[in-house]
Amino acid sequence: MKVNELCNCFILRKGASNLTLIYDKALSSAGIRVTQYALLKYIYLLSSPNLNQLATALNQNRSTVGRNIKILERIKLVSLKVGKDKRQIEIILTEHGLNTLHKARKAWEVMQKKISSKLGKEKQKQLIELMNDIKAISL
């Protein structure tokens, strides 16, 4: 064991944390964080999904998505509606949620372009390839 020992996991987590802070700062003008932006975006794209559909689309745990949806409901960005099957709850963007999504989208696009410009096409391509390689590692 060494102090400066290379740890791929730590490097990636630190990078992801830094990138999250960058996007969070950019989206603060819309009053949301990048994780909330992703939820609003997928709720919009999936046209009022239920919790299972949203969790699957985001490749996230259903209970984690559920907790985050409750926060969005509390700040009036989404509303929940009982579906045809009473066990299924539809997640619906409110007017406030849609306005917030549009405002956040503009801020996200500005930051996305800034990061893309800083990285350049080749490094962005390498980043995608690296993430795909990591995803393909079998446990």
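Modeller: Helices here are DSSP runs of H or I with at least four residues, strands are E runs of at least two, and both are numbered from the N terminus. The model is predicted. On that count, the protein chain has 5 helices and 2 strands. Their order from the N terminus is α-α-α-α-β-β-α. Along the principal axes, the C-alpha atoms fill a box of roughly 55 × 35 × 25 Å.

The part I pick is the contact of helix 2 with helix 5. Helix 2 covers residues 34-45, and helix 5 covers residues 95-135. Their axes come within 10 Å and cross at roughly 115 degrees. The crossing is left-handed. Helix 2 brings Tyr-37, Leu-40, Lys-41 and Tyr-44 to the contact. Helix 5 answers with Gly-97, Leu-98, Thr-100, Leu-101, Ala-104, Arg-105 and Trp-108. By class, this contact holds 7 nonpolar, 2 polar and 2 charged residues.

Now follow helix 5 to a surface feature. Leu-12, Leu-119, Leu-127, Leu-130, Met-131, Ile-134 and Ile-137 make up a nonpolar patch on the surface. Together they have about 560 Å² of accessible area. Helix 5 gives the largest share of this patch, 5 residues. Leu-119 is placed in helix 5.

Technical notes:
Residues numbered from 1 in each chain as written. Predicted model: local features only at pLDDT ≥ 70, side-chain atom pairs only at ≥ 80, totals over all residues. Heavy atoms only, no water. Axes fitted to C-alpha atoms, helices over the stretch in contact; angles between N-to-C directions. Left-handed = near helix turned anticlockwise from the far one by under 90°. Contact = heavy atoms within 4.5 Å. Nonpolar A, V, L, I, M, F, W, Y, C, P; charged D, E, K, R; others polar. Patch = residues over 30% accessible without salt bridge, like charges linked within 9 Å, V, L, I, M, F, W, Y side chains within 5 Å. Areas by Shrake-Rupley, 256 points an atom, 1.4 Å probe, with all protein chains shown as cover. Salt bridge = Lys/Arg side-chain N within 4 Å of Asp/Glu carboxyl O.
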